[in-house]
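Hi,

Here's the structure I said I'd pass along.

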There are 2 protein chains.
Amino acid sequence: MSRVPTGVSAFPLTPLRDDAFDRPAFERVVARLAAAEVDTISVLGSTGSYAYLSRAERREVVEAAVAAADGVPVSVGIGALRTSQVQALAEEAQEAGADGVLLAPMSYQALSDDEVFGLFDDVTRGLSVPLTVYDNPGTTHFTFTTELVARVAALPNVAAIKIPPPAPDRVEPRIREIRAVIPQNVAIGISGDSTAASALLAGCDLWHSVIGGVLPEAAIDIARAARSGDADAALAESDRLRGFWQLFAEHGSLRVTAAIAEHLGLVAADSLPKPIRGLPAPARQQVADALSLLD
Amino acid sequence: MSRVPTGVSAFPLTPLRDDAFDRPAFERVVARLAAAEVDTISVLGSTGSYAYLSRAERREVVEAAVAAADGVPVSVGIGALRTSQVQALAEEAQEAGADGVLLAPMSYQALSDDEVFGLFDDVTRGLSVPLTVYDNPGTTHFTFTTELVARVAALPNVAAIKIPPPAPDRVEPRIREIRAVIPQNVAIGISGDSTAASALLAGCDLWHSVIGGVLPEAAIDIARAARSGDADAALAESDRLRGFWQLFAEHGSLRVTAAIAEHLGLVAADSLPKPIRGLPAPARQQVADALSLLD
């Protein structure tokens, strides 16, 4: 992983089968991303259900990913509620061959800015691989201020900040705002797939992509067009996927991505950790329709 | 535990020492609650940091609580993000001697009403002790509708619903609203200590009390006055603690309760799971002042 990561970081699902890690299905999903030549494979992100898995399951996921990634760099989500758990997960991920780690400040009790800074300070000290700061307020219920982004980005081993999607008219100003306060060698990554094309056009270095975990070519086409400065092509490629963006907004990207993977035969039915349920039948039909439009 | 639990359910801290469960300190805290004759001891609630502890730590907490409770019924928080983890924790709590369990619908991905109902449906089926539904939107980020409260309260083994504090002018109507949709033998418990006196006066059966985990006599005095219908005495007793209620609002009840326990010498310094930090020095002085006013 270069010090300024760029391109598409694809976030695969971690499929379950009868409530156990479905390693063969996961290896199929990861091998497909490697074959499509995504820039990074980010396992155990929110889409990879890291928060729902035991430490032993997470270790096995990392081992399977490194084995199936065929040399593509593997980044690993190490989030947990307690600092010492995060540190143990970081150790295990590195032992299992992770090329980088991602850390979201999960919360149960609401955390202060100083507490979140303390978490990143404690964890980055012990790392020998780069870390991506994973700002995902929809799941962590913690919102970074720009000032805290600056403090955390200055810590050793921080390679990238993954930002949540700004409002459509705030994409450029928000990226400028962050760029102004972080070191030059720290990348800005966009999450929120429907905003990715415009964020890459506005200067984001990489795209933390949910759809890229299951439809990697579609994500790569958007990112290539955007990074080459072809705004019309990038926005047109993104617009081809608008059926998925609408379903993401309605049902959450995790449930929709699992339905795509199930429809494509990559994973078995009921691949999500309960109590999370898969999509209802009418939405599954919409997924099938959106997939057939891509062909 | 009777089928309609009443009175004070005290929520002890789970103190740590050098990031490990401080069993001797915990046993001191629990024995103190038993000596004060609280009605129930609810371990591994939010105040008991359940979300931050490993399964092995949680098992040891239950064993220590049952041993130290001297016959007072022990209820155990079994919350986790994945249904199968909750079921495993329920099994272990019962094996270790729990008289009841509490379940909050923790979330990382936002949950639908049907998903939360499914969680309670799956978990209550396997229980042989009563369950308290733990509605704590500030930490779980899930909000129960009244309709969902009614559906969940009708499940087998549900003994109580713990409700978050309504707005001051909504205490009576909210309790009437819930009472109207749940079975007669299901208790309504209030959480949010500053609202407890008025909620008990308005007909709540029990108080899930944070302050009761560290100052049990103060909580018992409020509850006794309220349950005997002496509104003036109950509100006056609660008003004596208003210094704590203000600190709870400002810093979160967990950090304040830990500071009280540290000030009283019940637990060691830095007893909370990192990244959560203890109170800053000025707030610790306010805690000391509020404690000295009680004498």
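How many residues does the contact take from chain B, and how many from chain A? It takes 36 from chain B and 35 from chain A. Keep in mind as you read that this is a predicted model.

The interface first. Putting the two chains together buries about 3,300 Å², with 48% of that on carbon and sulfur atoms. On the chain B side, the residues that lose the most area to chain A are Y52(B), R82(B) and Y108(B), which together make up 27% of what that side buries.

The rule finds eight salt bridges across the interface of chain B and chain A. For instance, the side chains of R255(B) and E115(A) form a salt bridge, at 2.8 Å from N to O.

As for where chain B's side comes from, helix 3 (83–95), helix 4 (113–125), helix 5 (137–140) and helix 12 (253–263) of chain B each give two or more residues. Helix 4 has the largest share, with five residues. By class, that side has 15 nonpolar, 12 polar and nine charged residues.

T47(A) sits in the loop between strand 4 (40–43) and helix 2 (55–68) of chain A. Its relative accessibility is 5%, so T47(A) counts as buried. Beyond its neighbours within four places in sequence, T47(A) is in contact with F11(A), P12(A), L13(A), T14(A), V210(A) and L254(A).

Cheers

Note on methods:
Residues are numbered from 1 along each chain as its sequence is written. Chains are lettered from A and ligands numbered from 1 in the order in which they are written. This is a predicted model: local features need pLDDT of at least 70, side-chain atom pairs count only at pLDDT 80 or more; totals for chains, interfaces and linings use all residues. Side-chain values use heavy atoms; hydrogens and water are left out. Contact means heavy atoms within 4.5 Å. Buried area is the accessible area (1.4 Å probe) that two parts lose on being put together, summed over both. A salt bridge is a side-chain nitrogen of Lys or Arg within 4 Å of a carboxyl oxygen of Asp or Glu. Helices (H or I, at least four residues) and strands (E, at least two) are DSSP runs, numbered from the N terminus. Ala, Val, Leu, Ile, Met, Phe, Trp, Tyr, Cys and Pro count as nonpolar, Asp, Glu, Lys and Arg as charged, and the others, Gly among them, as polar. Buried means under 20% relative accessible area, exposed over 50%, partly exposed in between (1.4 Å probe, protein chains only).
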